[in-house]
Amino acid sequence: MLSVISFLIVIGICVISHEGGHFWAARLRDVMIHEFSFGMGPEILSGRRGETQYSLRAFPIGGFVKLEGEDAEEEDEGKRESCDPSRSLANKKPWEKIFIIGAGASVNIFLAWLITALYLAGCGVYDMQTPKLGKIMEGTPAQSAGLRSGDLIRSIDGVELKSWSDIRENILKEDKDGDSFEIVVERGGAEKSYTISVPKDAKTGARLLGVQPSLEKFPPLEALSKSFIYSWNMSLQILRGLYMTITGQLRADVTGPVGIASMAGDAMREGFWTFIAFLGVINLNLGLLNLLPFPALDGGRILFILIEVITRRKVPERVETMIHYAGYVILLLLIVLVTGKDIYRLMR
């Protein structure tokens, strides 16, 4: 049940923000909006406010905003006659079309940036740049020796440390004679020296000092700037991973709605901040994937507009519709295939 609730929260925020981006962009450019829908399939609830119908549909795996002039093959002549032609998406300038179509994914990416900033300010991230101690694990050599959270390790056996990875590197030295380490820490502006015995594990042969990196939180404005860097780097990783998967350089485990629901439930069980981080990642993925130049996606529709701008010739409406329909069928089949795989994985 928790997975279902978590999934509905995640998909609700992602879909409403995405479609809300299209909705407000269309309103800003005075395009008539016939319907704003959350969910797909049969209609469950609906109501009209002004010229727009708002609906809730049976399957909460998406949504849509239906705009005047968006579907060139639409046969609803009554609506076409009653609407001012200037309020049709088809009659808007290319930059206005791109603005409206790209607004959904842009809002998802913007939301991911804000969520990441919230995470950095409220929860924080491990500081891997400095050898500063965070949590000291119970029953470990570090606790027995008297190391404290906030201590900055200056050196181990005379070797000066610069980053967190240096701790592990010096503790796990294979050529180390004996189990005793001379560790110098800075505490309150003064240096203290400790002789700590860190024996090897009988099974793995590894040594465990028993320390974790410090958790660093950022002020709101700094969190926003740090969030931009985090989001940018993660975007590059997502796109690089997608490219490597398509070209066969990487084998990726793709997941669908069922898998996302399972992961959302796991994130919720881990705690509020883990769920917030998951929500940010999902929004970023949704935004980036929607901008890919694939038929039926927002990026695919933008591509046709750019082709028209460059060649000054519009792709025949029927041809464009057929290409988008083919893309939609491919995406639907992919969702069905991935969902079946997710269900099989959960059953196992």
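Student: Which side chain is joined to the side chain of glutamate 96 by a polar contact, and at what distance?

Tutor: The partner is arginine 29, and the polar contact between the two side chains is 2.7 Å. A polar contact here is a pair of N or O atoms within 3.5 Å; within protein, one must be able to donate a hydrogen and the other to accept it, and residues adjacent in sequence count only if both atoms are side-chain atoms.

Some ground rules come before the rest. The model is predicted, so local features need pLDDT of at least 70 and side-chain atom pairs count only at pLDDT 80 or more, while totals for chains, interfaces and linings use all residues. Residues are numbered from 1 along each chain as its sequence is written, and side-chain values use heavy atoms, with hydrogens and water left out.

Glutamate 96 belongs to helix 3, residues 94-122. Helices (H or I, at least four residues) and strands (E, at least two) are DSSP runs, numbered from the N terminus. Besides the contact with arginine 29, the side chain of glutamate 96 reaches the backbone nitrogen of lysine 93 at 2.9 Å. Glutamate 96 counts as buried because its relative accessible area is 7%; buried means under 20%, exposed over 50%, and partly exposed in between, with a 1.4 Å probe and protein chains only.

Helix 3 also holds asparagine 108. This residue is buried too, with a relative accessible area of 0%. Asparagine 108 touches Cys14, Ser17, His18, Asn283, Leu284, Leu286 and Gly287, leaving aside residues up to four places away in sequence; contact means heavy atoms within 4.5 Å. Between the C-alpha atoms of asparagine 108 and leucine 291 there are 11 Å, although the two are 183 residues apart along the chain.

Next come helices 7 and 8. Helix 7 (residues 257-270) and helix 8 (residues 272-290) have axes that come within 7 Å and cross at roughly 150 degrees. The axes are lines fitted to C-alpha atoms, for helices over the stretch in contact, and angles run from 0 to 180 degrees between N-to-C directions. Helix 7 contributes Ile260, Met263, Ala264, Ala267, Met268 and Glu270 to the contact, and helix 8 contributes Thr274, Phe275, Phe278 and Ile282.

Strand 1 (residues 33-49) gives two further residues to look at, one of them isoleucine 44 and another serine 37. Serine 37 is buried, at 1% relative accessibility, whereas isoleucine 44 is exposed, at 52% relative accessible area. The side chain of serine 37 makes a polar contact of 3.1 Å with the side chain of arginine 57 and reaches the backbone oxygen of glycine 39 at 3.3 Å. With residues up to four places away in sequence not counted, serine 37 touches Ser55, Arg57, Gly63 and Phe64, and isoleucine 44 touches Leu56, Arg57 and Ala58. Arg57 is therefore listed for both serine 37 and isoleucine 44, under the contact cut-off already given.

Last, the wider layout. Domain 1 (1-124 + 223-347) and domain 2 (132-216) are given by the domain assignment of the protein chain, and their C-alpha centres lie 47 Å apart. Such bounds come from an automatic or database domain assignment.
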